[in-house]
Structure formats: C-alpha cells, structure tokens
Amino acid sequence: RMSRGLGDVYKRQSLYCTESELYYIKNMSQVYSLEIENGNQRLLCDSEMLKKAGYRMPEIWGMQVYSGHIYLELCGLDVIECGLNGSIGVRIAYDVRSGAFYNHAFFYRQRSSNDIYRFDLTSKKENVIRKRKYRERVQYDEIFSQNNKLYYQLEGAIYLYNESGNDVKVVDDSGMYAVSYTHLRAHETC
C-alpha cells in the first residue's frame, strides 16, 4: 500500500476557482486571488507570513477553498486556515495522511495514528470519531467526500460515514488498495 498525503487527496491543487475568483499557488510559496471579472490580483499569503505566524515549514503543497476560507497544506503536512482576506488562522490538523471536508468539519487520519479525527471548523474542537485497534496492515486508508457525503476506506472496503456510528459498507472489494495520485500521474506519462 502506498501512503497518501493530504496534497494527494487535494490532488496537489495549486489552482481553485469559485464563481468570481481564481485562487492559485505560485512557486509553492505564495497564494494569490484573481478576480475573474476585472483581472485584479492580490497576494493573500506567502511563506514569510507563515513563518511570522510560527509555521516552521511554510512550503505550500496544496489548498482547498471551503465554506469561505482557504485551507492550506504545508510541507510538514499541517493543514491551516487562511481567510479569503489573507489572514493566517489556526492549524486545524497536523501529520495528515488523508482528509476531507464535510459538514463544516475536517475529517482526517494522521500518518502516525490509525484513528479518524474530526476537527469542527466552528467550535475549533477536535475529537476522535473512529478508533481502530492496530493489526498488521489493517488500517483506515482514504477519507474523501463526494456529493455531500463522507466516505472512508477500511480493509479494502469503502464505507459511507454515519454520525450515529452505523456506517454502511458501499463497496466490498478485498483486492482494492490505495494508490497515490502522483503514482497515477506517473502512469499517464509512460
């Protein structure tokens, strides 16, 4: 199995478009917004601002715009909040292996843990929502959202998340395993 970072979940997005603005990462060190209608461009965040805010590894690997905020994945696999006005917010997750936004929260798995965490974007509180006792090669793999639903992969099966804990197995394929986006892109060039 190949490890995937949050950047792979975001497909290492360096470009994100809303109805009125285009957000992009330049040289893995600056985040800009560009107003589509008039072409006005402004710097929202850069590595120096991140260093001043206390982030030691400020290289920007990916981003996601969600619910009026930009969330940046930094080199150290931290996910931080950045306001659309360029304000640097809090770190919402660290050591992220896989994650997704859903229902005003960020759900993720750390590289060093086998639990699924939920960071509430409103209350700024984190809790463990799924615990998994470690067994060799048995772990939560991917966490992703699609059509306003949250899914995760466990032991080759894909489950639809349910807050009550009654998750539904939607795909059962013991031969399925996670492959990184970078790995898939490498095959496109062969």
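These are my notebook entries on a predicted model of one protein.

**Ground rules**

I number residues from 1 along each chain as its sequence is written. As this is a predicted model, local features need pLDDT of at least 70 and side-chain atom pairs count only at pLDDT 80 or more, while totals for chains, interfaces and linings use all residues; side-chain values use heavy atoms, with hydrogens and water left out.

**Entry 1: overall look**

I began with the elements and found three helices and 16 strands. Helices (H or I, at least four residues) and strands (E, at least two) are DSSP runs, numbered from the N terminus. The protein has 190 residues, and 46% of them count as buried. Buried means under 20% relative accessible area, exposed means over 50%, and partly exposed is in between (1.4 Å probe, protein chains only).

I then looked up contacts, meaning heavy atoms within 4.5 Å. Of the contacts with a separation of 6 or more, 36% are between residues 24 or more positions apart.

Next came pLDDT, the predictor's confidence in each residue, from 0 to 100. The average is 81, and 80% of the residues score at least 70. Where is confidence lowest, and where is it highest? Helix 1 (residues 6-9) has the lowest mean, 43, and strand 11 (residues 116-120) the highest, at 94.

I marked two stretches in my copy. Over residues 1-11 pLDDT stays under 50, and the model has 39 contacts beyond four places in sequence for them. Over residues 180-190 pLDDT also stays under 50, with nine such contacts.

I turned to strand 7 (residues 79-83) and asked how many of its residues are buried. Five of the five are, so strand 7 is largely enclosed by the rest of the structure. Val 79, Glu 81 and Gly 83 point one way, and Ile 80 and Cys 82 point the other way.

For pairing, I used the rule that DSSP finds at least two bridges between two strands. Strand 6 (residues 69-74) pairs with strand 7 in the antiparallel sense over five bridges. Strand 8 (residues 88-93) also runs antiparallel to strand 7, joined by three bridges. I followed Cys 82 to both sides: Ile 70 is its bridge partner, and Ile 88 in strand 8 stands opposite Cys 82. The hairpin of strand 7 and strand 8 has four residues between the strands, and there Gly 86 takes a positive phi near 95°.

**Entry 2: salt bridges**

Side chains of opposite charge can pair when their charged atoms come close. I counted a salt bridge when a side-chain nitrogen of Lys or Arg is within 4 Å of a carboxyl oxygen of Asp or Glu. Lys 131 lies in the loop between strand 12 (126-130) and strand 13 (140-146), and Asp 115 in the loop between strand 10 (105-110) and strand 11, so the pair ties together parts that are 16 residues apart in sequence. Lys 131 is exposed at 65% relative accessibility, whereas Asp 115 is buried at 11%.

Asp 167 and Arg 130 form another salt bridge, with the closest N and O atoms 2.8 Å apart. This pair links distant parts of the chain, 37 residues apart: Asp 167 is in the loop between strand 15 (157-160) and strand 16, and Arg 130 is in strand 12. Both ends are buried, Asp 167 at 18% relative accessibility and Arg 130 at 12%.

Arg 118 forms a salt bridge with Asp 120 at 3.3 Å between the closest N and O atoms. Arg 118 and Asp 120 are both buried.

Most residues other than glycine have a negative phi. I noted Asn 103, with phi near 50°, in the loop between strand 9 (96-102) and strand 10. Asn 103 is partly exposed at 37% relative accessibility. I also noted Lys 124, with phi near 65°, in the loop between strand 11 and strand 12. Lys 124 is partly exposed too, with a relative accessible area of 34%.
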